[in-house]
Every structure is written in structure tokens, then in C-alpha cells.
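Dear colleague,

I am handing over a structure to you with this message, and I would ask you to look through it before reading the notes that follow.

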Amino acid sequence: MQPRSGVWDHFDKVVENGIGRAKCKYCKNTYAANSSKNGTTSLKQHLDRCKAQRSSSMMPPKFSSHVWKYFEVVQNNEEGRKARCLRCGVIYNCDPKWYGTAHLKKHVEKCLERSLYQENRIRI
Ligand SMILES: [Zn+2]
Ligand SMILES: [Zn+2]
């Protein structure tokens, strides 16, 4: 007797047009599941891909080190440090003693969203 494959913990067995298929519990796609022929190899492969996709879409993008791709420092002296958004030109205080970069990160997210929105509008 073969050891039970754990793949079926992640797929539901469904029947489509009289043919047994495997339905991924996560992305709801169905796949051929011929257990006698090609076994569950393709299902396992999908599972790996599906898992990678899910974790990358669930994890918020990490801007911590990327913030400075979107901002340039326009002032950095005893009065404090200021950074300007390269996209929209807005200037923020970013003195590490008082402000850190959390609000810069937040702005980058919003700014990127907004520019995507505007690009879509132009296309329409
Ligand atoms: Zn899937
Ligand atoms: Zn901006």
C-alpha cells in the first residue's frame, strides 16, 4: 500500500463533465488528477507555485530600504532633515530623531497608487 499523499489536503476532488479533477482550495483552479497515470506530481508542482504566489501577495511590499528610491533628501542640517517625493514633489520632514521614515513609506504607497490611477485614467 502506498503512503497517502498529503497533496489532497490542499485539493478537493471534483467532477467536471464526468471527469475527476482536483480543485485547488486556495486559487480554485482545477487540474487533471489522474491518480493511476501521472499521479499527483503536477498537483504538487502547482501547490508550490500557488503557495509562493499567495505568500507574495499576502505580504505587504517592504519599503523600508526602498524608500530612498522614491525620495531625495532636500535638506539635511541642524534644523532637520527633509525629503522630497520624486514623483509628486511633496516635501516631508524626515529627521530620524523625530519622524523616521514610516510616513514616507506610507506616502510612497499612496503616491504609487495614485499614479497608477492617473495612468489608467489617461488611457481611458
Ligand atoms: Zn492553487
Ligand atoms: Zn509623492
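Through how many residues does a hairpin join E4 to E5? Please keep in mind throughout that this is a predicted model. The hairpin between E4 and E5 runs through 2 residues, and the two strands that it joins, E4 (residues 71-77) and E5 (residues 80-85), pair in the antiparallel sense over 6 bridges. Within this pairing, Asn77 has Gly80 in E5 as its bridge partner, while the partner of Gln75 in E5 is Lys82.

These two strands belong to an open sheet of 3 strands, whose order is E4-E5-E6 and whose pairing is antiparallel. Its edge strands are E4 and E6 (91-93), each of which pairs on one side only, and neighbouring strands in this sheet are turned by 25 degrees against each other on average, with direction ignored.

There is also an open sheet of 3 strands in the order E1-E2-E3, again with antiparallel pairing. Here E1 (11-16) and E3 (30-32) stand at the edges with a single partner strand each, and therefore one side of each is left without a neighbour in the sheet.

Conventions
Residues are numbered from 1 along each chain as its sequence is written. Chains are lettered from A and ligands numbered from 1 in the order in which they are written. This is a predicted model: local features need pLDDT of at least 70, side-chain atom pairs count only at pLDDT 80 or more; totals for chains, interfaces and linings use all residues. Two strands pair if DSSP finds at least two bridges between them. Helices (H or I, at least four residues) and strands (E, at least two) are DSSP runs, numbered from the N terminus. Axes are lines fitted to C-alpha atoms, for helices over the stretch in contact, and angles run from 0 to 180 degrees between N-to-C directions.
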